[in-house]
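Visitor: Could you walk me through this one? I'd like to take it piece by piece.

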Amino acid sequence: MKILAIDTSTYVMGVALSDGKTIVGEYITNIKKNHSIRLMPAIEQLMKDCEVTPSMLDKIVVAKGPGSYTGVRIGVSIAKTLAWSLQIPLLGVSSLEQLAWNQSQFEGLICPLMDARREQLYTGLYKKNGEQLESVLDDQNVQLSDWLELLKERKEPVVFLGNDVPIHKEKIKNTLGEQAVISSYLDWNPRPSVLAQIGLEREADDLHSFVPSYLRLAEAEANWLAANK
């Protein structure tokens with residue numbers, strides 16, 4: 001099974017191609033440039049380098065959020081368009097779960113996080129269970145202080161990972177002390193190859209009803225609703 005995986009949920013833009021359990025190509029950048037301009041050329045170049053044509057693809061897997069509102073929308077829109085035009089299945093995977101896999105061997109709780117501004121996080125809690133990651137607490141948009149107090153009550157070691165960890169590192173360590181483990185920066189970037197491997201194991205979503213997982217409204221939408229109550 002040939003799978004194309006796409007992730008644009010953060011500044012990190014990544015695409016990967018797999019053939020069964022073999023990752024045949026992966027392209028990742030972590031730069032503040034427009035995903036809408038760069039994503040399709042990256043997909044085309046990767047497929048050209050790997051000598052794979054669109055008609056050879058069997059499945060599309062996309063990071064469905066949470067993350068950057070615009071970034072998630074771009075990735076999901078292109079993934080849906082490709083799946084529809086090629087008439088192949090589409091699977092959406094949590095952007096946080098994808099990141100959590102980078103610390104899947106950790107003996108304890110795994111906390112991927114993304115900064116959501118105003119002392120808020122997009123985060124969730126995961127733990128290795130055999131060969132799989134299980135969700136301990138659902139992905140959510142939560143106040144940092146509330147989240148740390150919740151983790152403190154669990155009294156288990158927690159590893160934190162993600163490119164936004166440095167923003168909150170001091171408060172994490174002050175609240176959790178030795179309970180908190182800060183992962184190596186090498187584990188901070190999400191890997192689209194992880195999406196491709198997950199895609200081998202899971203059933204596809206319904207293409208027509210599939211939507212991103214934003215976890216909260218975009219600021220413009222929230223302001224409009226507040227003004228039109």
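**Loop, sheet and salt bridges**

Guide: Arg117 is exposed, with a relative accessible area of 60%. Keep in mind that this is a predicted model.

Visitor: Where does Arg117 lie?

Guide: Arg117 sits in the loop between β6 and β7. Its phi is near 70°, a positive value in a residue other than glycine.

Visitor: And Arg118, what is its phi near?

Guide: Phi of Arg118 is near 55°, again positive in a residue other than glycine. Arg118 is found in the loop between β6 and β7.

Visitor: Is Arg118 buried or exposed?

Guide: Arg118 counts as exposed, at 62% relative accessibility. The cut-off for that class is over 50%.

Visitor: Which side chain does Glu119 meet in a salt bridge?

Guide: Glu119 pairs with Lys171, at 3.5 Å from N to O. The pair links distant parts of the chain, 52 residues apart: Glu119 is in the loop between β6 (109-115) and β7 (120-129), and Lys171 is in helix α5 (residues 165-176).

Visitor: How accessible are Glu119 and Lys171?

Guide: Glu119 is partly exposed at 39% relative accessibility, and Lys171 is partly exposed at 35%.

Visitor: How many salt bridges does the structure hold?

Guide: Five. One of them joins Glu26 to Arg191, where the closest N and O atoms are 2.3 Å apart.

Visitor: What does the Glu26 and Arg191 pair tie together?

Guide: Glu26 belongs to strand β3 (residues 22-30) and Arg191 to the loop between β10 (180-182) and α6 (192-201), so the bridge ties together parts that are 165 residues apart in sequence. Glu26 is partly exposed at 26% relative accessibility. Arg191 also falls in the partly exposed class, at 34%.

Visitor: Which residue does Glu156 form a salt bridge with?

Guide: Lys127, with the closest N and O atoms 3.0 Å apart. Here too distant parts of the chain are linked: Glu156 lies in the loop between α4 (144-154) and β9 (158-161), Lys127 lies in strand β7, and the two are 29 residues apart. The relative accessible area is 23% for Glu156, which is partly exposed. Lys127 is partly exposed as well, with 28%.

Visitor: Why can side chains like these pair at all?

Guide: Side chains of opposite charge can do so when their charged atoms come close.

Visitor: Changing topic to the sheet. What is the strand order?

Guide: Five strands form an open sheet in the order β3-β2-β1-β4-β5, with mixed pairing.

Visitor: Which strands stand at the edges?

Guide: β3 and β5 (90-93) do. Each has a single partner strand, so one side of each is left without a neighbour in the sheet. From one strand to the next the twist averages 15°.

Visitor: How many bridges join β2 to β3, and do they run parallel or antiparallel?

Guide: Eight bridges join strand β2 (residues 12-19) to β3, and the two run antiparallel. For a specific bridge, Met13 has Thr29 in β3 as its partner.

Visitor: What does helix α1 lie across?

Guide: Helix α1 (residues 35-49) lies across β1 (2-7), β2 and β3, and runs at about 25° to β2.

Visitor: And α6, which strands does that lie across?

Guide: α6 lies across β1, β2, β3, β4 (59-63) and β5. The angle between α6 and β1 is about 135°.

Visitor: Back to the backbone. Is the peptide bond from Gly65 to Pro66 cis or trans?

Guide: The bond is cis, with omega near 10°. Pro66 is in the loop between β4 and α2 (69-86).

Visitor: Last stop, Gln132. Where does that residue lie?

Guide: Gln132 is in strand β8 (residues 132-143). At 41% relative accessibility, Gln132 counts as partly exposed.

Visitor: What is Gln132 in contact with, leaving aside its neighbours within four places in sequence?

Guide: With those neighbours left aside, Gln132 is in contact with Trp101 and Lys127. Lys127 is the residue that forms the salt bridge with Glu156.

Visitor: How far apart are the C-alpha atoms of Gln132 and Ile198?

Guide: They are separated by 9.8 Å, with the two residues 66 apart along the chain.

Notes
Residues numbered from 1 in each chain as written. Predicted model: local features only at pLDDT ≥ 70, side-chain atom pairs only at ≥ 80, totals over all residues. Heavy atoms only, no water. Salt bridge = Lys/Arg side-chain N within 4 Å of Asp/Glu carboxyl O. Helix = DSSP H or I, 4+ residues; strand = E, 2+ residues; numbered from the N terminus. Buried < 20%, exposed > 50% of the residue type's maximum accessible area, 1.4 Å probe, protein only. Pairing = 2+ DSSP bridges. Axes fitted to C-alpha atoms, helices over the stretch in contact; angles between N-to-C directions. Contact = heavy atoms within 4.5 Å.
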